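Student: I'd like to learn how to read a model like this one. Can you walk me through it?

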Amino acid sequence: FGTWADGVTVYNPRENTYKHFKHNPADPSSLSSNNAWVIFEDSDKNIWIGTYFGGLDMYDVNTNSFIRYKYSNDVFTKIQSIHEDKHGVFWIATDGDGLQLFDKKTKTFRRVVHTSGQNSLSNDRVCNVFEDRNGNMWISTMAGLNYYDVQKKTFTIYTTRDGLPNDVVLGIMEDESGKLWLSTNRGLSRFDAGTKTFKNFGVAD
């Protein structure tokens with residue numbers, strides 16, 4: 001279990017026992033922060049902790065400790081969510097630092113941020129990253145829905161001007177027909193990527 005301000009708690013149902021992990025300023029192999037916002041298992045069965053203010057930690061089962069990874073020592077990364085693509089790259093959504101792409105093979109980061117006047121991410125406060133059934137990357141932010149063309153490395157931004165009920169897009173899911181369901185600050189919205197149209201749902205629906 002990830003907690004706010006109290007680290008990570010692991011429950012063993014077979015033995016009915018709990019194990020607690022917390023940040024220790026004197027121990028670089030402890031959690032980087034007690035604000036454990038995301039717990040994520042990658043395709044290799046490694047457990048990663050996305051923290052708020054600490055960065056990215058990988059649990060080392062052999063030493064019962066953590067290995068810390070940060071884009072920069074000057075950036076106190078606030079991780080909101082983690083998605084792993086088919087190449088083993090983590091798309092890390094952060095609150096204020098844009099997207100951080102982490103290659104777990106090379107242990108290197110690449111940062112993607114909003115740049116005014118250029119084709120870029122719409123906002124550096126990123127809530128979620130979703131990969132649809134066709135391999136398209138969708139990014140929800142505090143300033144609209146972003147489609148990222150992996151081949152062209154370009155962004156297409158969708159906002160209230162395009163039909164969204166609100167520009168704060170929190171989560172993304174895909175239904176059986178391939179349509180995207182978006183949670184926003186003004187209800188749900190269903191997006192048809194083929195027609196590029198939105199159908200919005202509020203409390204009355």
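Predicted model: local features only at pLDDT ≥ 70, side-chain atom pairs only at ≥ 80, totals over all residues.

Student: Good. How many helices and strands does the protein chain have?

Tutor: The count is zero helices and 18 strands.

Student: And what are the overall dimensions of the protein chain?

Tutor: Along the principal axes, its C-alpha atoms fill a box of roughly 50 × 40 × 30 Å.

Student: On to sheets. How should I read one?

Tutor: The general idea is that strands of a sheet pair through backbone hydrogen bonds, in a parallel or antiparallel way.

Student: Can we zoom in on a pair of strands?

Tutor: Take strand 3 and strand 4, which pair in the antiparallel sense over five bridges. Ile39 stands opposite Ile49 in strand 4, and the bridge partner of Phe40 is Trp48, also in strand 4. Strand 9 and strand 10 are antiparallel too, again over five bridges; there, Asp103 has Thr108 in strand 10 as its bridge partner.

Student: What about backbone angles? Which residue in the hairpin of strand 3 and strand 4 takes a positive phi?

Tutor: The background is that most residues other than glycine have a negative phi. In this hairpin, which has five residues between the strands, the residue with a positive phi is Lys45, near 70 degrees. Lys45 is exposed, with a relative accessible area of 59%.

Student: Where is Ala5 found?

Tutor: Ala5 is in the segment before strand 1 (8-12). Ala5 is not a glycine, yet its phi is positive, about 80 degrees. At 48% relative accessibility, Ala5 counts as partly exposed; the exposed label needs over 50%.

Student: Next, charges. How do I read a salt bridge?

Tutor: Side chains of opposite charge can pair when their charged atoms come close. In this model, a search of the whole structure finds eight salt bridges. One of them joins the side chains of Lys104 and Asp44, at 2.8 Å from N to O.

Student: Why does the pair of Lys104 and Asp44 tie together parts that are 60 residues apart in sequence?

Tutor: It comes down to where they sit: Lys104 lies in the loop between strand 9 (99-103) and strand 10 (108-112), and Asp44 lies in the loop between strand 3 (36-41) and strand 4 (47-51), so the pair ties those parts together.

Student: Is Lys104 buried or exposed?

Tutor: Lys104 counts as buried, at 9% relative accessibility. Lys104 also belongs to a network of salt bridges that links Asp42, Asp44, Glu84 and Lys104.

Student: Which residue forms a salt bridge with Asp95?

Tutor: That's Arg125, and the closest N and O atoms are 2.6 Å apart. This pair links distant parts of the chain, 30 residues apart: Arg125 is in the loop between strand 10 and strand 11 (126-131), and Asp95 is in the loop between strand 8 (89-94) and strand 9. Asp95 is buried, with a relative accessible area of 10%, whereas Arg125 is partly exposed at 39%.

Student: And what does Glu174 pair with?

Tutor: Glu174 forms a salt bridge with Arg133, with 2.9 Å between the closest N and O atoms. Glu174 is in strand 15 (residues 169-174) and Arg133 is in the loop between strand 11 and strand 12 (137-141), which puts the two 41 residues apart.

Notes:
Residues numbered from 1 in each chain as written. Heavy atoms only, no water. Salt bridge = Lys/Arg side-chain N within 4 Å of Asp/Glu carboxyl O. Helix = DSSP H or I, 4+ residues; strand = E, 2+ residues; numbered from the N terminus. Buried < 20%, exposed > 50% of the residue type's maximum accessible area, 1.4 Å probe, protein only. Pairing = 2+ DSSP bridges.
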